[in-house]
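The following report describes selected features of a single protein chain.

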Amino acid sequence: MKNLWNVTEASTFSGPLGECVYGSRLLGAESALVLHGGGNTSVKAQESDIHGDQVDVLYVKGSGWDLATIEPQGFAPLRLEAVKRLAELPALTDTEMVNQLRLNLLDASAPNPSVEAILHASLPFTAVQHTHADAALALTNTSEGEQRVRELWGTSVVVVPYVMPGFDLAKACALEFEKQANADTVAMVLMNHGVFTFGDTTEQAYNNMIDVITEAENYLITKAGVDITNSATLATPVNATGSALDQATLRQNLSNAAGRSMLLVRTPNQRANVFAGRSDVADVACRGPATPDHVIRTKQFPLIGRNIDKFVSNYHNYFERNQDRFPGVQELDPAPRVVLDSELGLLTAGARISDCEIASDIYLHTIDVIEASEGLGGFVALPETDLFEVEYWELEQAKLAKSGQPPAMSGEVAVVTGSASGIGRACVEALISRGAAVIGIDLNTSGTPTTPSLLELTADVTDPESLATAVNMGVERFGGIDIVVAAAGIFGASSEIADIVQSDWETTLSVNLNGVTNLLQATHPFLALSPSGGRVLLVGSKNVPAPGKGAAAYSASKAAVTQLGRVAALEWAEDGIVVNTIHPDGVFDTGLWSQELVDERAANYGLTADEYKRRNLLGQEITSGDVGELVAAMCSHSFRQITGAQIPIDGGSDRVI
Ligand SMILES: [Zn+2]
């Protein structure tokens, strides 16, 4: 493992806390050391309190902060002596520990100190770093783990048997440290959990961390024949062979088990595909996670194949067997978060894309750990009682709760055509703001989506093959389709019927009508598999109920689309799919309208541009944002009982009312 300490860079961080921030970020940047909120660090320093008295302070990582991005205010300043005294108590409940730690903060606005704060306080070193390094997990998740730790590091490390994080672990570490520490001690190895290193400075603690982990990596190359640094995450992305329809079917079953819509994201990774295809995958992958901390993200093991019912009943049984450990505890949803399928490869499930990506990162590292441990004679995880205690531990669940309730449309996937601009773009934004993941399809895309909830794909809606390819790619990314918004459209050249140019007519009908038919055909199989019922929203036009001169192709195409939607509502009701149409009018902030065109039309009616934009009963200008909000609302569950409807959004038109 590469040592990334850079003296010049480190010198831009001031004081012991600054150096600790820099050293923490270096750990956080290396996914083979810590993943997504894992690990913690601390530094001890002297500070003056409000009376000017000198106080020994322990700055320890605050709960909810990630080492990769931590700031000085991410560290909780604790009165060191008071925290050290807590370690002398015979027992302390989790709630009381959190309470006592908060009582000893020097800053009331500081985050909750890490649950490993007492452990950090007890270690007699200025700087302490703690990681869940893959190499250490590979070494300790084996039947002869402790022997191998001793073979590699001898007496230069303190070894602590597995104890759940919290007060008891702090006590166990203090005890083992007293028994085993000597002048050569550079680290403390926590079986099935991770490594602590320490020093007079963060730089020393960091150097020790890199040294001991590099030694473990080299040991794995020699003894296990596995180069863990050639991580699964670095492999060339290659798709597995399973179809998008298989994936959407699995997602439907998984969402039903979870009791809510879930994304089911495929991780295209060659090593994950090979691992999922191992003949013994059901054995090696179902022994447990690499470290118990992962269960809140991955559950205790993955679903192998696609038998969700069996997974769910196993999960119920696991809960039944262990629930007495926490009387009154409620069972969490029993759906898997990680799936290994010989055809689909590695998939991860969650209500938010970030949940899926975290589970995916964790599982890629789990593959590294399992393969290396197998090379050492066999991967051995902790018994389920230990996993249950972490999964249902209130402090772990509190970590998840910190990210808040997911928004209303989270776990749902929408396809929006014409997504790069105008009404399509506004629909994308409104759907994403409600938590949906969106597959945006357009002829040209911005190419740099600002959120992982948006997958932008280029396709021509008039080309059924190109459109179907894009739809399938979208399903492979997010797992299925719940919502379709057909917003791609053109206005075409204005001309009276007598002067219509054949090719203009055909282009307008091709995009505005055939494009929608193609979209409905490509998405119907997926909409029928939507766990919460498919929803289609077609963008018509006020020209349908109230046409104008000179726009025959546009008006005819939108009228045909409206009719198409009505037939779809009839045909697809039995699949639980609703199909509705909106008729916008005068949405001037889209590419269809230039300032010249607005001026020209306004002049036709003897109005100013502003008057022209507000020529409706309510006197309000309709923006694409208004249309996006309406579309998102009509795709929400409040509209579940409505199909075949046409809603105008035009500020009220006396020609239609
Ligand atoms: Zn830990």
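## Buried residues, sheet and helix packing

Apart from neighbours within four places in sequence, lysine 542 is in contact with Pro547, His583, Pro584, Asp585, Asp650, Ser653, Arg655 and Val656. The model is a predicted one. Lysine 542 is placed in the loop between strand 16 (535-539) and helix 21. Is lysine 542 buried or exposed? Its relative accessibility is 9%, and lysine 542 therefore counts as buried, since the cut-off for that class is under 20% relative accessible area.

Two further residues can be described in like manner. Serine 453 lies in the loop between strand 13 (437-442) and strand 14 (454-458). Leaving out neighbours within four places in sequence, serine 453 has contacts with Ile353, Ile432, Ala436, Ala437, Val438 and Phe478. Asparagine 208, by contrast, is found in a helix, namely helix 9 (residues 202-224). When residues up to four places away in sequence are not counted, asparagine 208 touches Val186, Thr197 and Phe198. The accessibilities are listed below.

| Residue | Relative accessible area | Class |
|---|---|---|
| Lysine 542 | 9% | buried |
| Serine 453 | 16% | buried |
| Asparagine 208 | 19% | buried |

For the chain as a whole, buried residues make up 53% of the 657 residues. The chain holds 24 helices and 18 strands. Along the principal axes, its C-alpha atoms fill a box of roughly 100 × 65 × 50 Å. Of the contacts between residues at least 6 apart in sequence, 72% join residues at least 24 apart.

Strand 9 pairs with strand 10 (residues 338-341) in the parallel sense, over 2 bridges. Within this pair, leucine 303 stands opposite valine 339 in strand 10.

Elsewhere, strand 5 (residues 157-160) runs parallel to strand 6 (residues 187-190), and 4 bridges join the two. Valine 158 has methionine 188 of strand 6 as its bridge partner. In a regular strand, side chains alternate between the two faces of the sheet. In strand 5 both faces are covered: Val157 and Val159 on one side, and Val158 and Val160 on the other, are all buried.

Two helix pairs complete the account. Helix 20 (residues 502-527) and helix 21 (residues 552-572) pack at an angle of about 20 degrees, and their axes are 8 Å apart. Helix 20 is therefore roughly parallel to helix 21, as angles under 35 degrees fall in that class. The crossing of helix 20 with helix 21 is right-handed. Residues of helix 20 in the contact include Trp505, Leu509, Leu513, Val516 and Leu520, and those of helix 21 include Tyr554, Lys558, Val561, Leu564 and Trp572. By class, this contact comprises 15 nonpolar, 5 polar and 1 charged residues.

In the second pair, helix 18 (residues 422-433) and helix 24 (residues 624-634) pack at about 50 degrees with axes 8 Å apart. That angle makes helix 18 oblique to helix 24. Their crossing is right-handed. Helix 18 contributes Gly422, Ile423, Ala426, Cys427, Ala430 and Leu431 to the contact, and helix 24 contributes Ser624, Gly625, Val627, Gly628, Glu629, Val631 and Ala632. The residues of this contact divide into 8 nonpolar, 4 polar and 1 charged.

Definitions and conventions: Residues are numbered from 1 along each chain as its sequence is written. This is a predicted model: local features need pLDDT of at least 70, side-chain atom pairs count only at pLDDT 80 or more; totals for chains, interfaces and linings use all residues. Side-chain values use heavy atoms; hydrogens and water are left out. Two strands pair if DSSP finds at least two bridges between them. Axes are lines fitted to C-alpha atoms, for helices over the stretch in contact, and angles run from 0 to 180 degrees between N-to-C directions. Angles under 35 degrees count as roughly parallel, over 145 as roughly antiparallel, 65 to 115 as roughly perpendicular and the rest as oblique. A crossing is left-handed if the near helix is turned anticlockwise from the far one by less than a right angle, and right-handed if clockwise. Contact means heavy atoms within 4.5 Å. Ala, Val, Leu, Ile, Met, Phe, Trp, Tyr, Cys and Pro count as nonpolar, Asp, Glu, Lys and Arg as charged, and the others, Gly among them, as polar. Buried means under 20% relative accessible area, exposed over 50%, partly exposed in between (1.4 Å probe, protein chains only).
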